[in-house]
Amino acid sequence: MIRNSTPPEAPATGAWEELVTTALLGTDRRTPPAGAPGRTAPVALLDAAAVQTVRRRAGLRPAPAARRPEPAPKDPRPPLPAAAGRRLAMLLADRPGTAAGRRGTAPDLTELLPQWLAAVNAHGYAPPPEALPALLDAARGRTDLRPAALAFGGPRARWLAGLNPDWRFALRAAPGAAAGSEDAGRVRRLWEEGLFAERVALLASIRSRTPAVARELLAGSWATERAEDRLMFLDSLRTGLGPDDEAFLEEALADRSRNVRSTAAELLSALPGSALASRMAGRARSCVAVDHTRGTPTLVVEAPHECDSAMERDGIAAKAPAGRGERSWWLGQLVEAAPLATWPGRLGGRTPREIVALPVADGWQGELHAAWCRAAVRQRDAPWARALLGPPAASDAGGPGAVSLAERAKLLGTLDAAERADWVAGFIAAHGLPEAFQLLGVCAVPWAAPLGRAVVDALNIARDAGSYPWSFSGVMGLAERCLDPAEASRLDGLLAVPDEAEDASPGAGGYWAEAFQRLVTTLRLRSAMAGELEAARAG
């Protein structure tokens, strides 16, 4: 059968290029080959282009049919329920708005799509085939959607991506999905011949399943990798990091790249039983002690006087950033890398909370506590994180050791979800919402009931006080995505436009009512989305 066609060796090719050149330059500057100058030149150009188009198409020669694509693979997962399929079409059809001004009361569907994808993947449904092009287009435009969208799209989405260059990103991510197969030869071939992005995805996927296999794969090609690639590959070892990785990481401490050495040292310091952690503990112990000669036991600090070659090999950066003293810079790195278990024995058997409560002489408290904050995050040490956070209602919103919202958020990440939510709820009750936005971002979704109530109560207080509603738009957006949908009924009393006080921001009441209406509508939509996914299972 003859289906395709090839262009002839037509002499008209030059004429077509001449027309294109004239169109680019403009008929005022160049006369069309087949037209007269003046007013009729643009029309003559279009007429000539039409004639040449017909000639080019009529001159195509028949050619053998191209090979048909392989059939799409089967997806063994159960099909998506019909109602959920309609919801998916609605979510994919929505595009981020570009108009300025009020958002109105309609939910922001683009912000709900990631949540819907996470839920549908948890249920294990397969997408409707007709939805795959829009799903791939959405993932193309939003990198944050790609992992969940490709997991939902499954083998058919990867097959379809092979037919459209615009979706090639799915093929780069796809090798990770094949990493769980038993085809060791295919994995090895992809590791040796794949693009860098494909190799990163492959290594990350294998590491999440079988850490030892990923480490051995990396070790086999380590000596031939570029420094910047070694750094990216080494970072993948954070997943599943364990004592078996120590020997490989110790070898990486001698790498030619300073960044690779630094990352290897950071990973080793997260293993409290490693030889590097022991070396760092010895150095840090010599820098901090308890002085009992003062009126109350006080921590005294003697920062390092030099950064020797052994310290540099273990990841200590010798050159301090601009505006930072060298000795304090070295001290912070040593304390951060030392196992936190070092300090109770060194400081009189005290608990983390008792250690943090000790005064620190000569202005070293900020440096010492900040280093302990970083160590608690790196070592995932919840008791130290609690001590450094302090009680949420403390008058110092920064806590005993955390000096920024970002550090507090990282410390909270070491606690379990329930404790994290309780702490943030207490913080909001004591300090309000303005400083809580970054803390809310690390809380599990949906928010636990105490946290949800604290957020709603704080928003209500801000509304009654006549505060600017725009100042709380970030928190309101988080609430739309994170508040438990069961809380919607509690918000009905906040939907009306409140009476505005004399000192309130003009028009604030209308904005608050609109924001709460949007919140309630979004919560009910999220509830309906969850119900649509559960319907088939319940039936």
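Which residue lies over the face of Trp 191, and at what distance from the ring centre?

Author: The model is a predicted one, and what follows should be read as a description of that prediction. In it, Arg 199 is the residue that lies over the face of Trp 191, at 4.1 Å from the ring centre. Trp 191 also belongs to a cluster, in which ring pairs link it with Phe 196 and Phe 233.

The helices around this cluster give it a setting. Phe 196, Arg 199, Val 200 and Leu 203 in α10 meet Asp 229, Met 232 and Phe 233 in α12, and among these residues are Phe 196 and Phe 233, both of which take part in the ring cluster. The axes of helix α10, which covers residues 196–209, and of α12 come within 9 Å and cross at roughly 25°. Because angles under 35 degrees count as roughly parallel, α10 and α12 are roughly parallel to each other, and their crossing is right-handed.

From α12 the description can pass to Trp 222, which lies in the loop between α11 and α12. The charged end of Arg 230 sits over the ring of Trp 222, 5.9 Å from its centre. Setting aside residues up to four places away in sequence, Trp 222 touches Arg 230, Leu 234, Phe 248, Ala 252, Asp 255 and Val 260. One of these, Leu 234, is 12 residues from Trp 222 in sequence and 9.7 Å from it in space, C-alpha to C-alpha.

Because Trp 222 lies in the loop between α11 (211–221) and α12 (227–235) while Phe 248 belongs to helix α13 (residues 246–252), the pair ties together parts that are 26 residues apart in sequence. Trp 222 has a relative accessibility of 14% and so counts as buried, and Phe 248, with a relative accessible area of 10%, is buried too.

A further aromatic pair is formed by Trp 372 and Trp 384, and this one is tilted, with 5.2 Å from centre to centre and 50° between the planes. Trp 372 lies in helix α20 (residues 365–378) and Trp 384 in helix α21 (residues 382–389), so that this pair ties together parts that are 12 residues apart in sequence. Trp 372 counts as buried at 0% relative accessibility, and Trp 384 counts as buried at 2%.

Arg 215 is placed in helix α11, and, not counting residues up to four places away in sequence, it touches Arg 207, Asp 244, Asp 245 and Phe 248. Although its side chain is that of an arginine, Arg 215 has 13% relative accessibility and counts as buried.

The buried residues of helix α22 (residues 405–412) are Glu 407, Arg 408, Ala 409, Leu 411 and Leu 412, and they pack against α20, α21, α23 (417–431) and α24. In the loop between α20 and α21 is Arg 380, which has a positive phi of about 55° although it is not a glycine. Asp 362, in the loop between α19 (352–357) and α20, likewise is not a glycine and has a positive phi, of about 60°; at 65% relative accessibility, it counts as exposed.

Beyond α24 there is one more backbone feature to note. The peptide bond from Val 445 to Pro 446 is cis, with omega near -5°, and Pro 446 is found in the loop between α24 (437–440) and α25 (449–464). These backbone features deserve a second look because most residues other than glycine have a negative phi, and most peptide bonds are trans.

As for the chain that holds these parts, its secondary structure comes to 27 helices and four strands. Buried residues make up 42% of its 539 residues, and, among contacts between residues at least 6 apart in sequence, 68% join residues at least 24 apart.

Key
Residues numbered from 1 in each chain as written. Predicted model: local features only at pLDDT ≥ 70, side-chain atom pairs only at ≥ 80, totals over all residues. Heavy atoms only, no water. Helix = DSSP H or I, 4+ residues; strand = E, 2+ residues; numbered from the N terminus. Buried < 20%, exposed > 50% of the residue type's maximum accessible area, 1.4 Å probe, protein only. Phe/Tyr/Trp six-rings, centres within 6.5 Å; stacked < 30°, edge-to-face > 60°. Lys NZ or Arg CZ within 6 Å of the ring centre and 35° of its normal. Contact = heavy atoms within 4.5 Å. Axes fitted to C-alpha atoms, helices over the stretch in contact; angles between N-to-C directions. Parallel < 35°, antiparallel > 145°, perpendicular 65-115°, else oblique. Left-handed = near helix turned anticlockwise from the far one by under 90°.
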